[in-house]
Amino acid sequence: MINRRQLLALLATPLLAKTAQAATPLTFGDLYVRQGQFSPRLNELTRQNVTMRGFMAPPLKAEAKFFVLTKMPMASCPFCGSEIEWPDDIVVVNTSSLLTPIDFNILIEVSGTLELGSKTDPETGFLSLIRIVDATFKRA
């Protein structure tokens, strides 16, 4: 006979397993197969929890909830006005709260949910093709 505590534990196990699921590491080399064409790996990871290492480019404005993750340290933000100009070595990172920028030459690790597709930030006009949303970050 199963008691109430055991029943709740059995029901919660799938939920806990999903929550505790490890994030999949993603690299800048995983992003594209050709300029502008997402890789099959990137498409498979859409809407999944990922981690990625890179550098925080300086934010576009002081009180931002997003930044650009770059493969190499950049002293200025690589602002892109159109998809044609979109570099293949940046990812937009959206956080749920205002961020405190860190030095552009410090390696960080970002964790969050991967989103793909063209999206323009309504406040800044910044265009993104690849985003990690609901993200957190720390020094790597």
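Tutor: A residue counts as buried when its relative accessible area is under 20%, as exposed when that area is over 50%, and as partly exposed in between. The model is a predicted one, and its structure holds three salt bridges.

Take E115 and R131, whose side chains meet with N and O 3.1 Å apart. E115 belongs to strand β7, while R131 belongs to strand β8 (residues 127-139), 16 residues apart. R131 has a relative accessible area of 5%, so R131 is buried. E115 has 26% and is therefore partly exposed.

Because E109 lies in strand β7 (residues 107-120) and R53 in strand β4 (residues 49-56), the pair ties together parts that are 56 residues apart in sequence. R53 counts as partly exposed, at 46%.

The remaining pair is D30 and R41, with 3.2 Å from N to O. D30 sits in the loop between β1 (24-26) and β2 (32-34), and R41 sits in helix α2 (residues 40-44), 11 residues apart. D30 is buried at 18% relative accessibility, whereas R41 is partly exposed at 33%.

As for the setting, the protein chain has two helices and eight strands, and buried residues make up 34% of its 140 residues. The average pLDDT of the chain is 81, and 76% of the residues score at least 70.

Technical notes
Residues are numbered from 1 along each chain as its sequence is written. This is a predicted model: local features need pLDDT of at least 70, side-chain atom pairs count only at pLDDT 80 or more; totals for chains, interfaces and linings use all residues. Side-chain values use heavy atoms; hydrogens and water are left out. Helices (H or I, at least four residues) and strands (E, at least two) are DSSP runs, numbered from the N terminus. Buried means under 20% relative accessible area, exposed over 50%, partly exposed in between (1.4 Å probe, protein chains only). pLDDT is the predictor's confidence in each residue, from 0 to 100. A salt bridge is a side-chain nitrogen of Lys or Arg within 4 Å of a carboxyl oxygen of Asp or Glu.
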